[in-house]
Amino acid sequence: MASIDHQVERPPVAEARFSFSSHLYELISTVDHKRLGLMYIVTALLFLVIAGLMATIIRLQLAFPNGRVVDADTFNRLFTMHGTTMVFLVGMPFVAGLSNYLVPLMIGARDMAFPRLNAFGFWIFLFGGFLLYFSYIGGSGLSGAGSAPDVGWFAYAPLTSRAFSRGASTDYWILGIFVAGIGSIASALNVIVTTISMRCPGMTLNRMPMFVWVMLIDSWLIIIALPPLSAAQIMLLIDRFLGGNFFNTQSGGSAVLWQHFFWIFGHPEVYILIFPAFAILSEVIPIFSRKPIFGRPAMVGAVASIGFISLGVWAHHMFAVGMTSWSNTFFTASTMLVGIPTGIKIFNWTATMYGGKIRLATPMLFCCAFLFQFLIAGLTGIMLATGPFDWQLHDSYFVVGHFHFTLVAGLVFGLFAGMYYWFPKVSGRMYNETWGKWHFWLFLLGVELTFVPMHFLGFLGMPRRIYTYAPDRGWNFWNLLATSGLLFQLPATVIFVWNMLWSTFKGERAGDDPWDAWTLEWGTTSPPPEYNFESIPEVRSSRPLWDLKNPNDPDWKFE
Amino acid sequence: MDAVLTETAPASVEWKLPDRGTMGIIFLIVTETALFTIFVVAYLVYIGKSLSGPYPKDVLDLPILASICLLSSSVTIVFAEHALKRHRIGLFKLWWLATILLGLEFLVSTGLEWRKLIYEDHLTVSTNLFGTTFYSLVGLHASHVIVGMAFLLLVMIVSLMGFPIHTQERRVKFLSWYWHFVDGVWVIVFSVVYIIGR
């Protein structure tokens, strides 16, 4: 490697002795996009474990009728914190972490456009998360009522008003999410500007990796869709602290307006969360099928149109609230439109695999499962988009089953695929393939066992967010089945964590490009040096490393 | 491998991307616009929904002078920018001071308006829906004016202390874009609150 000369020239830094304080100082003061990206991802994984344990308690409580694991108040806090954590402290930092780590590497840049803003975004996000969790200690406030927030992750008015939500618990929900949201907006803004202004020579938008394209559109959605939530939260703060009347129906305010504002944010948010999975699949599937992605322009167009349509579908969360039939019709139609670009994407991923030389390594296994499971999640989504169907199953376990299928069976599978795929790049070592396969099959089984029965529970009339149920409802079997999925999901997660930890220190050396991949991040060392690239690369096609490895048959002749 | 990458690559082509600062301020303005949009929508939704007085038509006077001041500060800041571009620092400071004074006049008259509304008309945030939405929207805008003023003052102070401000022409430009945005928002707020809402 040519980089050896360069490293000799570097001044000798006191790296020999391990010192806790110097490592801490480095962690706090770093503005390196790779470190910040990893810090985001590690934070997300920690919160994932916390919220996952909450889900475990919830499932244990519901395993049998008349469950006595937790009481009703604790149950309310559990599902609120589980949902809030998963969306804002797991999903969002994964978006930020993945794009932070990978976007500069993939576009041949040395760092993000605003490295210090990047660090600011991470730290304010982290302390937003701490603020939310501090509610367990400080939530009782001056009036001595309340603990953690218990208003649900969408915190509908008027449940959040002073009268119904005493103490400071709801304020912790508002402020924690508000502060974390500032971090997400800062990071998204950074990704957009990096993609626009920092691409290496020759990296035109047509040649940009699919991952970067999807994250660009994702970040665009974040800066458009997150401020409405912040605005609504400011209004809620004004209501709670200054006696405002925004959501106070007794003085003419409207509780439904909160629902509108929340879902104007909330629906784009679920696309914001799923986009990283789209981004990962669009990189992993071509590499493991040994074929360039099928219909690249259509893929970019599909993501862009999902992003666009997602801004106009929010009220399908509100069919049961009693809107005009015109609104119901509009939002049913616009929601169904999302099915078209999503269908294009699933078709193109499948078509990429068609006729390819498929290698079923762990990342590819997760991608294959994603295709099946996300398809089912999409189909139940279309079912729920139909107004009359939604009136039947609104706020039932069918809805819970649907969105857990999109986010766990979909997003989490995509994230696992991405983490296995880029693990050799980040650590320089290979994960253990056998454990990876065990993780995949156990997790697959667990997820199916847990979330498929929820759909049936919905059909049988079980409402969401109930803390227990009577034994004569006919829900016992399906609930026990759903809980039994834990027996597979928990060991799978332990295997994953162990695999990552063990392989980081003891795994086989992976080399710089173990997958024989085509995008720029595999063209530098593993792990990448602080400056990413010795010299800024120049690219001539969308698969620069292919051009490099096949000088007789380069892509740029055909693009 | 990097070295190989550059070896096979063709000779450097013309490669120019948009300036990152410019893009940064543009997207900051985009995301701020999304924030304001929700407050404006809330105001529009709640026009005429107050169950009790005081109502907008009884208590609101058109803030003509303040609006003229704020909008003309958008002009003076452009003059200041042009002066800076031609390295005429004295002229720059003069126009910059004018911008600050015009912005200050806007803030002072907003303060006086609120004082009148609170003490004479007894309209507070909690009085009725009009009070809630009025103070929120106008207050959100005013808080942006205050942030803008803080940066304007910062530039004024450092340039008075002899800092070579012409080296920061780019950043001064971004600040002036932000200021234009705040003024643009006022046009919307003015139309919504004082014309449509009255």
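Author: The radius of gyration is taken over C-alpha atoms, and the globule rule is 2.2 Å times the number of residues to the power 0.38. The model discussed here is predicted: local features need pLDDT of at least 70, side-chain atom pairs count only at pLDDT 80 or more, and totals for chains, interfaces and linings use all residues. Residues are numbered from 1 along each chain as its sequence is written, while chains are lettered from A and ligands numbered from 1 in the order in which they are written.

Reader: What radius of gyration does chain B have, and what would a compact globule of 198 residues have?

Author: Chain B has 22 Å, whereas a compact globule of 198 residues would have a value near 16 Å. The C-alpha trace of chain B spans about 75 × 45 × 20 Å along its principal axes. Chain B holds 7 helices and 0 strands, where helices (H or I, at least four residues) and strands (E, at least two) are DSSP runs numbered from the N terminus.

Reader: Which residues of α8(A) meet α9(A)?

Author: Two residues are in contact if their C-beta atoms, placed from the backbone, lie within 7 Å. His267(A), Pro268(A), Tyr271(A), Phe278(A) and Ser282(A) of α8(A) meet residues of α9(A) including Met299(A) and Val303(A). Beyond its neighbours within four places in sequence, Val214(A) is in contact with residues among them Phe278(A), Ser282(A) and Val303(A).

Reader: How do α12(A) and α15(A) pack?

Author: Helix α12(A) (residues 362-385) and helix α15(A) (residues 433-459) pack at about 10 degrees, with axes 10 Å apart. They are therefore roughly parallel to each other.

Reader: How many residues of chain A are in contact with chain B?

Author: The interface pairs 43 residues of chain A with 37 residues of chain B. On the chain A side, α7(A) supplies the largest share, 10 residues.

Methods. Axes fitted to C-alpha atoms, helices over the stretch in contact; angles between N-to-C directions. Parallel < 35°, antiparallel > 145°, perpendicular 65-115°, else oblique.
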